Amino acid sequence: SEIKVKSLLTVGKANEAINAALDFRRQLGLPAPQKKPASKFTIIREYIRVKKLLKDKTAENIANLPELDDERYEMGQRMNEHLATSVYLVEPTMLPLVIFQSVTTSLKHGLSPTSSPAFARLGLLLCGPFGKPHEGREMAKAAELILEKPGMRSRAVYTVFVTQSFCYHWTS
């Protein structure tokens, strides 16, 4: 459960937190990446899938997606948020896969409070390792526009930290 994952993270057991979060996603019937180093091929393949889903969507198009109304996907999104924290510590090559999965869920099933940090993290990836700062900035803008919607501000501090620290300076 989410409490178990949070507890494991709190006591510094990131490895166990990853296992618990992945297991919980599977119990929900949702896809979960394998807990192993992700190859460059896998990361690029998943990036291409997300790129196709994004097509020519602007930040405004993304922020105007409907709200997520499926509790199962919402819980899966929260697990991904915990996974993003823990895989960065234990197996950083998994981070892009977790980010892509969160963004994909938002694009296919709707926005939730976890969508803003997901798009902020995508912006971080695009600005940094992927070398696409203008696309990254658009995802950062989407993340911040999502925060303006009612009920979406619970992750505001983290989202703004990521967008302002890791995205905007590339194109300013």
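Phe 130 is buried, at a relative accessible area of 19%, where buried means under 20%, exposed over 50% and partly exposed in between, with a 1.4 Å probe and protein chains only. I start there, in a predicted model where local features need pLDDT of at least 70, side-chain atom pairs count only at pLDDT 80 or more, and totals for chains, interfaces and linings use all residues. Residues are numbered from 1 along each chain as its sequence is written, and side-chain values use heavy atoms, leaving out hydrogens and water.

Next, the aromatic rings. Rings of Phe, Tyr and Trp (its six-membered ring) pair if their centres lie within 6.5 Å; planes under 30 degrees apart are called stacked, over 60 edge-to-face, and the rest tilted. The count by this rule is four aromatic pairs. In one of them, Tyr 47 and Phe 100 have ring centres 6.2 Å apart and planes at 40 degrees, so the pair is tilted. Helices here are DSSP runs of H or I, at least four residues, and strands are runs of E, at least two, numbered from the N terminus.

Tyr 47 counts as buried at 10% relative accessibility, and Phe 100 is buried at 2%. Tyr 47 also pairs with Phe 130, again tilted, at 4.7 Å centre to centre and 40 degrees between the planes. This pair links helix H3 to the loop between helix H7 (115-127) and H8, 83 residues apart. Axes are lines fitted to C-alpha atoms, for helices over the stretch in contact, and angles run from 0 to 180 degrees between N-to-C directions. The axes of H5 (residues 71-90) and H6 (residues 95-109) come within 9 Å and cross at roughly 160 degrees. That makes H5 roughly antiparallel to H6; the label applies over 145 degrees, with under 35 roughly parallel, 65 to 115 roughly perpendicular and the rest oblique. Contact residues (heavy atoms within 4.5 Å) include Tyr 73 and Leu 83 of H5 and Val 98 and His 109 of H6. They divide into seven nonpolar, seven polar and no charged. Nonpolar covers Ala, Val, Leu, Ile, Met, Phe, Trp, Tyr, Cys and Pro, charged covers Asp, Glu, Lys and Arg, and the others, Gly among them, are polar.

Last, H8 (residues 133-147) and H9 (residues 156-166) pack at about 155 degrees, with axes 10 Å apart. That makes H8 roughly antiparallel to H9. Ala 140, Ala 143, Glu 144 and Leu 147 in H8 meet Ala 156, Thr 159, Val 160, Thr 163 and Gln 164 in H9. The contact of H8 with H9 has five nonpolar, three polar and one charged residue.
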